[in-house]
Amino acid sequence: MAEEVKSLNFIEHIIEEDLRGGFDKNNLRFRFPPEPNGYLHIGHASSICLNFGLGLDYQSPVNLRFDDTNPEKEEREFVDAIKRDVEWLGFEWDKECYASDYFQQLYDWAVILIKQGKAYVDSQDAATIAQQKGTPTTPGSDSPFRNRSVEENLELFEKMKNGEFQAGEHVLRAKIDMAHQNMLMRDPIMYRIMHKEHHRTGNDWCIYPMYDWTHGESDYIEQVSHSFCTLEFAMHRELYDWFLDQVYDTNKVRPKQREFARRNLSHTVVSKRKLLRLVQEGVVTGWDDPRMPTISGLRRRGYTPESIRNFADTIGIAKRENLIDVSLLEFCAREHLNKIAPRVMAVLDPIKVVITNYPEGQIEELEAENNPEEDPLTYRKVPFSREIYIEREDFREEANRKFFRLKLGGEVRLKNAYIIKAESVVKDEDGHITEVHCTYDPLSRSGSGTPESTRKVKGTLHWVSVAKAVPVEVRLYDRLFSVAEPEEDKEKDFMDFINPESLKVTTAYAEPSLKNAQPEERYQFQRLGYFCVDRDSTEEKIVFNKTVGLRDSWAKIENKS
RNA sequence: UGGCCUAUGGUGUAAUUGGUAACACAGCUGAUUUUGGUUCAGUCGUUCAAGGUUCGAGUCCUUGUAGGCCAACCA
């Protein structure tokens with residue numbers, strides 16, 4: 001049988017081409033380079049899966065490198081959260097690296113550049129430097145300090161390092177070309193003075209290197225062969241290569257930067273800055289709020305690492321702009337959860353059913369399948385009694401033929417239990433139904449083997465025993481934004497599109513087997529959806545987060561009419 | 001009034017590098033089902049435009065068009 005040709009994305013094509021061109025496979029090395037200034041989100045998951053996936057495919061090491069060159073925004077908390085998230089996704093990094101580990105090497109190289117006349121200290125303020133940059137269509141102009149002597153530059157740069165200046169007094173710039181058509185090449189800043197404590201180097205430094213100067217050199221130091229980043233860095237590639245040229249030793253691996261389009265997800269935002277606003281303005285409870293598209297939020301919501309990795313593989317990687325529908329993410333969640341989540345019964349919006357011909361006070365332990373997808377099936381006991389709760393929307397006094405659920409005079413199967421028939425309703429003075437009175441067929445018990453037990457009735461309902469039910473808190477989540485592209489409208493702020501109903505909290509009644517459910521355990525509430533135990537759960541009260549609903553073809557039928 | 005990048009079903013991604021445009025999601029129809037779930041079967045619909053090269057173009061060439069990115073002492 002012919003081997004199936006695996007289709008490759010453009011990144012893999014580049015690597016294959018390099019390999020064909022003679023690049024040694026043993027020299028392949030990748031990296032995932034987050035800045036520790038926020039939590040990882042679903043967009044990063046794509047990058048993580050790309051880089052670590054490449055590592056797995058080519059049996060190559062992948063470094064986790066923190067791009068920590070800006071002590072103003074970066075924090076230890078984020079480093080820990082990022083490591084936790086990458087691990088949770090199931091990836092193993094080769095080395096844990098920090099750009100800050102290279103500060104001394106970077107400094108030494110900068111001194112060499114100064115000596116070669118390729119870098120100089122500029123003593124103008126930020127506004128002036130910005131003005132001299134020119135515009136995309138007009139060239140910039142030289143700084144009056146551009147031609148300082150090597151000696152003066154060396155002396156000033158050392159004083160900058162020694163903390164003899166205030167922030168903003170001087171910067172170190174690469175001397176390239178102020179008329180370059182690529183604005184990034186117009187004497188980019190390499191170092192700025194910042195009297196800020198760094199989460200790793202403390203107060204050792206008061207000059208910090210800029211991204212462009214740091215990133216490529218870090219790749220080079222680590223001997224990363226392929227450095228993948230998002231499209232907005234495409235213009236930076238020229239600078240990346242220029243800086244590399246200054247230090248490159250031809251016996252070593254020369255890192256190659258290539259760019260891919262970041263993934264956008266509908267009905268949310270995927271930008272650390274915007275996610276930070278949601279956190280800071282209290283729209284959500286934190287970076288790991290289950291409505292957040294962060295990895296920790298998705299985790300708390302009940303997503304599995306497998307489903308996220310499968311999602312990343314499914315959407316692939318390319319260079320064009322994109323907007324991926326959340327329904328695909330939800331599909332990936334259901335696909336995996338369907339296989340692994342134990343089925344249980346819980347009623348979210350209860351209405352009481354009294355089975356009038358069932359003995360008062362009697363409790364029967366009925367057998368229930370844990371998961372029909374399991375290979376050797378396993379079972380648990382569920383208590384049945386005269387009074388049960390069913391879902392309010394599962395009963396109607398009258399309904400048409402399409403309504404398979406309980407209606408007056410109609411029959412329905414109680415999952416794992418008996419067939420019941422609705423006989424009458426009890427209403428309060430406002431006309432609201434408070435109880436449904438039914439009769440049951442004692443011979444129809446599920447699994448009892450009687451002809452009645454296998455009788456076909458159109459509808460099957462989930463239920464819980466009133467006496468044995470466990471009240472639990474259920475947090476029902478909906479999309480955080482009510483429009484597909486909250487960032488698209490240029491007139492309005494994305495915050496204007498927040499869905500006010502993204503969270504509804506309710507008390508539900510669950511079968512008693514859930515009494516000892518532990519945080520992060522995932523269940524399928526039958527006929528409702530997938531739910532995950534939240535870490536807010538206590539001894540007295542279990543809290544469930546709704547991960548995602550089941551596919552609901554009944555809702556579609558109803559919406560049509 | 002510049003440079004760089006990108007255009008393939010509603011969405012996302014492929015196409016053995018010039019040889020039958022495919023896969024997944026979404027939608028729709030039906031079958032099965034003690035979850036209106038799952039599963040299964042079927043169905044809808046696509047190469048930005050116009051030229052050109054070629055026996056043959058999503059792929060190569062030309063000219064357009066549309067969208068994104070680029071002027072932080074952020075990354």
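Chain A has 13 helices and 27 strands, where helices (H or I, at least four residues) and strands (E, at least two) are DSSP runs numbered from the N terminus. The radius of gyration of the chain, taken over C-alpha atoms, is 31 Å, well over the 24 Å that the globule rule gives for 561 residues, so chain A is more spread out than a compact globule; that rule is 2.2 Å times the number of residues to the power 0.38. Along its principal axes, the C-alpha trace spans about 100 × 65 × 45 Å.

Before I go on, please keep in mind that this is a predicted model, in which local features need pLDDT of at least 70 and side-chain atom pairs count only at pLDDT 80 or more, while totals for chains, interfaces and linings use all residues. Residues are numbered from 1 along each chain as its sequence is written, chains are lettered from A and ligands numbered from 1 in the order in which they are written, and side-chain values use heavy atoms, with hydrogens and water left out.

Of the 561 residues, 51% count as buried, and here buried means under 20% relative accessible area, exposed over 50%, and partly exposed in between (1.4 Å probe, protein chains only). The areas themselves come from the Shrake-Rupley method.

Now to the charged pairs. Side chains of opposite charge can pair when their charged atoms come close. With a salt bridge taken as a side-chain nitrogen of Lys or Arg within 4 Å of a carboxyl oxygen of Asp or Glu, the count comes to 42. In one of them, R65 meets D219 at 2.7 Å, N to O. R65 lies in strand β2 (residues 62–66) and D219 in helix α7 (residues 211–222), so this pair ties together parts that are 154 residues apart in sequence. Both R65 and D219 are buried.

R299 forms a salt bridge with E520, their closest N and O atoms being 2.9 Å apart. This pair, too, links distant parts of the chain, with R299 in helix α10 (residues 295–301) and E520 in the loop between β24 (503–510) and β25 (522–525), 221 residues apart. E520 is partly exposed, at a relative accessible area of 35%.

Finally, the surface: K402, R551, K556 and K560 gather in a patch of positive charge, a patch being made of residues with over 30% relative accessible area and no salt bridge, like charges being joined within 9 Å. K560, found in helix α13 (residues 553–560), is exposed, with a relative accessible area of 75%.

Notes. Patch = residues over 30% accessible without salt bridge, like charges linked within 9 Å, V, L, I, M, F, W, Y side chains within 5 Å. Areas by Shrake-Rupley, 256 points an atom, 1.4 Å probe, with all protein chains shown as cover. Lys, Arg positive; Asp, Glu negative; His and termini not counted. Charge placed at Lys NZ, Arg CZ, Asp CG, Glu CD.
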